[in-house]
Amino acid sequence: MDDARRLLDEMPSRGVRLNACCYNPLLDTYTRQKNDGGVAEVLKEMENAGVEPTVGTYTILVSGLSKAGDIRNVESVFDEMKRKNVAGDLYFYSAVINAYCRAGNVRRASEVFDECVANDIEPNERTYGALINGFCKIGQIEAAEMLLTDMQLRGVGHNQIVFNTMIDGYCRHGMMDKALQIRGVMEKMGIELDVYTYNTLACGLCRVNRMEEAKKLLHVMAEKGVAPNYVSCTTLISIHSKEGDMVEARRLFRDMEGKGSRPSAVTYNVMIDGYIKNGSIREAERFKKEMDKKGLVPDIYTYAALVHGHCVNGKVDVAMRLFEEMKSRGTKPNVVAYTALISGLAKEGRSEEAIQLYDDMLGAGLTPDDALYSVLVGSLHTDNRKDVLT
């Protein structure tokens with residue numbers, strides 16, 4: 001950075017007339033570093049030197065503002081560019097479309113896309129990819145499909161990123177057959193399926209309880225020489241855990257460690273939840289202790305699973321200690337943790353504690369379900385204290 005600044009400062013003395021191309025690299029560096037002060041300084045310097053911004057300058061600004069989530073100023077930059085009659089190019093329009101999609105304003109992104117086409121600027125795969133991703137994220141799959149068709153009609157080549165985006169959109173909305181069709185299209189076109197493609201499909205299959213297909217897919221991935229990452233390993237461990245095969249889940253977990261892929265908190269949570277659901281609270285506790293030793297911070301899912309497990313096993317006091325430990329670590333209890341502990345206390349006849357926790361839950365803005373209400377009413381019925389819940 002110091003060298004770039006020094007070179008810029010030396011240019012006038014060497015007879016170089018400064019223009020936007022001289023300033024843009026420094027501006028780009030400042031935006032990447034999220035150095036707002038540096039950006040403002042360069043823009044002011046350009047203004048004082050009478051240097052007009054180019055479309056490249058505006059593209060840099062839009063990209064930086066987009067990453068900062070400052071969509072309001074993206075619109076301001078767009079407006080300023082029009083006022084100064086600076087024509088946008090493909091890179092600029094793509095940056096603006098991506099900015100609006102990242103901010104969730106896909107309608108505005110679509111308008112900018114139409115403006116780009118109206119100005120006889122042909123969108124490329126990155127332009128389409130940004131808008132397809134935007135539509136997928138808000139659940140407008142049909143609109144994304146129409147864009148994919150439009151790409152074909154305009155002769156714009158499909159790439160791995162665009163196809164992965166469509167697969168992710170289908171998987172998010174449970175449309176697994178269509179997601180798998182895209183996989184088939186990729187293979188026919190000779191487009192490589194990467195670890196992200198396989199992971200997305202496997203996770204999607206798991207969400208719709210097509211576990212065997214997910215397992216086979218991950219094995220195919222390994223056979224094709226695509227190296228699994230921690231998401232792949234965690235997904236496979238989760239499948240075996242849900243099937244009740246904790247022996248295989250544990251083997252995969254240790255194998256993951258042996259291959260240098262460090263299990264994350266999510267991987268530990270899968271093991272903990274699996275042991276609890278399979279009736280082995282002691283093993284679950286061992287994995288929680290192992291997390292602590294390795295410096296992995298238990299999250300709300302870790303604690304909620306353990307609180308539930310101890311309550312089911314009648315160890316409400318242990319669950320209470322974990323609940324307090326969770327809060328002391330700055331983790332806010334969720335509905336699952338509150339419900340498990342309140343139910344456990346109520347079933348043991350500890351009505352006062354259950355009601356206090358119920359009030360805390362409401363105070364935290366969480367909504368109890370009907371089942372919890374029924375448990376509380378049942379525990380209070382003998383004390384004729386149903387009025388406390390009204």
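**Close-up views of a predicted model**

**View 1. The side chain of T339 reaches the backbone of V335.** A polar atom of the T339 side chain lies 2.7 Å from the backbone oxygen of V335. The model is predicted, with local features requiring pLDDT of at least 70 and side-chain atom pairs counted only at pLDDT 80 or more, whereas totals for chains, interfaces and linings use all residues. Residues are numbered from 1 along each chain as its sequence is written, and side-chain values use heavy atoms, with hydrogens and water left out. T339 belongs to helix α20, residues 335-347 (helices are DSSP runs of H or I, at least four residues, numbered from the N terminus). T339 has a relative accessible area of 16% and is therefore buried (buried is under 20%, exposed over 50% and partly exposed in between, with a 1.4 Å probe and protein chains only). Apart from neighbours within four places in sequence, T339 is in contact with M361 and L372 (contact means heavy atoms within 4.5 Å).

**View 2. L341 in the largest nonpolar core.** The largest nonpolar core contains 117 residues (such a core is a set of buried Ala, Val, Leu, Ile, Met, Phe, Trp, Tyr and Cys residues joined through side-chain atoms within 4.5 Å). Helix α6, residues 90-102, supplies the largest share of this core, with 9 residues. L131, I132, L341 and I342 have the most contacts inside the core. Residues up to four places away in sequence aside, L341 touches V307, C311, V316, A319, M320, F323 and L357.

**View 3. R126 and N98.** R126 lies in helix α8, residues 125-137. Its relative accessibility is 64%, so R126 counts as exposed. R126 and N98 are 28 residues apart along the chain, and their C-alpha atoms are separated by 9.0 Å.

**View 4. A salt bridge between K224 and E187.** The side chains of K224 and E187 meet in a salt bridge, with an N to O distance of 3.5 Å (a salt bridge is a side-chain nitrogen of Lys or Arg within 4 Å of a carboxyl oxygen of Asp or Glu). The pair links distant parts of the chain, 37 residues apart: K224 is in the loop between α13 (211-223) and α14 (230-242), and E187 is in helix α11 (residues 176-189). K224 counts as exposed because its relative accessibility is 51%. E187, at 35%, counts as partly exposed.

**View 5. A salt bridge between R286 and E283 in helix α17.** The closest N and O atoms of R286 and E283 are 2.2 Å apart in this salt bridge. Both residues belong to helix α17 (residues 281-293), where a spacing of 3 residues separates them by about one helical turn. R286 has a relative accessible area of 47% and is partly exposed. E283 counts as buried because its relative accessibility is 17%.

**View 6. A salt bridge between K288 and E325.** In this salt bridge, the closest N and O atoms are 2.7 Å apart. K288 lies in helix α17 and E325 in helix α19 (residues 316-328), so the pair ties together parts that are 37 residues apart in sequence. K288 is buried, at a relative accessible area of 5%. For E325 the relative accessible area is 25%, so this residue is partly exposed.

**View 7. A network of salt bridges.** E75, R107, R108 and E111 are linked in a network of salt bridges. A search of the whole structure finds 30 salt bridges.

Key. Helices (H or I, at least four residues) and strands (E, at least two) are DSSP runs, numbered from the N terminus. A polar contact is a pair of N or O atoms within 3.5 Å; within protein, one must be able to donate a hydrogen and the other to accept it, and residues adjacent in sequence count only if both atoms are side-chain atoms.
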